[in-house]
Amino acid sequence: ELLRRRGWLIESASGHGGGVRLPRDALPASALVLREEQALELLLALAASEALGLSLSTGLAGVRAQLARAFAPADRARIRALRQRIRVCTPASDPVRHTQRPERPRVRHLVHTAFVRHRRLAITYRAVDGRTSRRRIESHVLLLAWPFWYVLAWDLEREAVRTFRLDRIEQADLLEEPFRPRPLQPFWDHCEGAGFTL
């Protein structure tokens, strides 16, 4: 019943000789089923590989197609929608790279969870000038400007799109408040204004 609710085709028959049966093509040959968080991590890894130019030699499009077949049917549309919100742009310049700080694993996990589950976040953010601020945000886009990941978010207090570099988020708290994904065009416009080339 759990598999049926997740979209798998399960055949059953009662009585003598009855039972439960999966059609031959119901599951991928590897029988791999991924949670959304695991799928997101793989998509992020694929995005990073694409940013490094590895897709020319490894055929990542085929890998991505195989990966999609490993998702439970009920999750596939949601994963496809998330993939549209993971983007790669031109790498960061050398001066910017020299400002890199260690990422906090807990912060990274909560940012990813908020992104996947459409939950609001409260973050403590350290700006380039060293000042910190407390923000409440909706994480709508994950952007890679190698080697940095950015969160393109809707800032609830400022009622505007803002960019937050993941390694500058010092603390994150997942809130109970859900949000609906906003249209993407304002985020792409913000990227262009901020100097990111998608």
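## Cysteines and nonpolar cores

At 6% relative accessibility, Cys89 counts as buried, where buried means under 20% relative accessible area, exposed over 50% and partly exposed in between (1.4 Å probe, protein chains only). This is a predicted model, in which local features need pLDDT of at least 70, side-chain atom pairs count only at pLDDT 80 or more, and totals for chains, interfaces and linings use all residues. Residues are numbered from 1 along each chain as its sequence is written, and side-chain values use heavy atoms, with hydrogens and water left out.

The structure holds 0 disulfides, a disulfide being a pair of cysteine sulfur atoms within 2.5 Å. Cys89 is in no disulfide, and the nearest cysteine sulfur belongs to Cys191. The distance of 6.8 Å between the sulfur of Cys191 and that of Cys89 is too far for a bond.

| Residue | Relative accessible area |
|---|---|
| Cys89 | 6% |
| Cys191 | 0% |

The largest nonpolar core has 25 residues. A nonpolar core is a set of buried Ala, Val, Leu, Ile, Met, Phe, Trp, Tyr and Cys residues joined through side-chain atoms within 4.5 Å. Among the elements that give two or more residues to this core are helix H2 (36-51), helix H7 (105-117) and strand S5 (132-145). H7 supplies the largest share, 6 residues.

Val111 is one of the residues with the most contacts inside the core. Leaving aside residues up to four places away in sequence, Val111 touches Leu121, Leu142, Val151, Leu166 and Ile169, with contact meaning heavy atoms within 4.5 Å.

A second, separate core of 16 residues includes Phe148, Tyr150, Leu152 and Cys191.

Key. Helix = DSSP H or I, 4+ residues; strand = E, 2+ residues; numbered from the N terminus.
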